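Here are my notes on this model. Please read them with the structure open.

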Amino acid sequence: MLSDPRILATLRRHHLFDRLPEQAFQEVCNLANLRRLEAADCLFHQGDPAERFYLLLEGQVKLIRTLPEGQEKLVEVIQPGQSFAEALLFSGARSYPVTA
């Protein structure tokens with residue numbers, strides 16, 4: 001469960017959560033996990049089961065797609081305040097199409 005007031009305020013301002021009733025917002029916060037990664041850490045790999053979406057609080061996250069030939073292509077650089085992978089959950093996709 002998230003309890004840091006700054007993180008809760010950031011979540012509440014995000015367009016995915018700003019219109020949620022308070023009870024629903026609290027339920028989301030109870031399910032949320034805070035992850036801290038080092039610069040070279042991987043959050044998930046292309047092809048991993050798509051089970052979560054993310055909201056970046058600090059730093060940057062590169063989304064990279066590995067092409068069939070083995071080449072890597074930079075898809076996007078996520079900045080603080082941006083969410084990513086949420087469309088996959090709503091589309092029914094089963095796996096992440098990129099590495100983060």
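1. Terms and basis. Helices (H or I, at least four residues) and strands (E, at least two) are DSSP runs, numbered from the N terminus. This is a predicted model, in which local features need pLDDT of at least 70 and side-chain atom pairs count only at pLDDT 80 or more, while totals for chains, interfaces and linings use all residues. Residues are numbered from 1 along each chain as its sequence is written, and side-chain values use heavy atoms, with hydrogens and water left out.

2. Layout. The chain has 3 helices and 4 strands. Their order from the N terminus is α-α-β-β-β-β-α. The C-alpha trace spans about 50 × 30 × 20 Å along its principal axes.

3. Of the 100 residues, 25% are buried. Buried means under 20% relative accessible area, exposed over 50%, and partly exposed in between (1.4 Å probe, protein chains only). Take contacts with a separation of 6 or more: 55% of them join residues 24 or more positions apart. A contact means heavy atoms within 4.5 Å.

4. Surface and charge. The accessible surface is about 7,200 Å², and carbon and sulfur atoms supply 52% of that. Areas come from the Shrake-Rupley method with a 1.4 Å probe; for residues, only the protein chains shown count as cover. There are 11 positive and 13 negative side chains, and the centres of the two sets lie 3 Å apart. Lys and Arg count as positive, Asp and Glu as negative; His and the chain ends are not counted. Each charge is placed at NZ of Lys, CZ of Arg, CG of Asp or CD of Glu.

5. Ala 40. This residue sits in the loop between α2 (22-31) and β1 (54-55). Ala 40 counts as exposed because its relative accessible area is 77%. Its C-alpha lies 17 Å from that of Lys 73, which is 33 residues away along the chain.

6. Ala 85. Look at the loop between β4 (83-84) and α3 (86-91), where Ala 85 is found. Its phi is positive, about 75 degrees, although Ala 85 is not a glycine. Ala 85 is classed as buried because its relative accessibility is 15%.

7. Thr 99. What does Thr 99 touch, leaving aside residues up to four places away in sequence? Its partners are Cys 42, Phe 44, His 45, Gln 46, Lys 62, Leu 63 and Ile 64. Thr 99 itself lies in the segment after α3. A polar atom of the Thr 99 side chain is 2.9 Å from the backbone nitrogen of Gln 46.

Key. A polar contact is a pair of N or O atoms within 3.5 Å; within protein, one must be able to donate a hydrogen and the other to accept it, and residues adjacent in sequence count only if both atoms are side-chain atoms.
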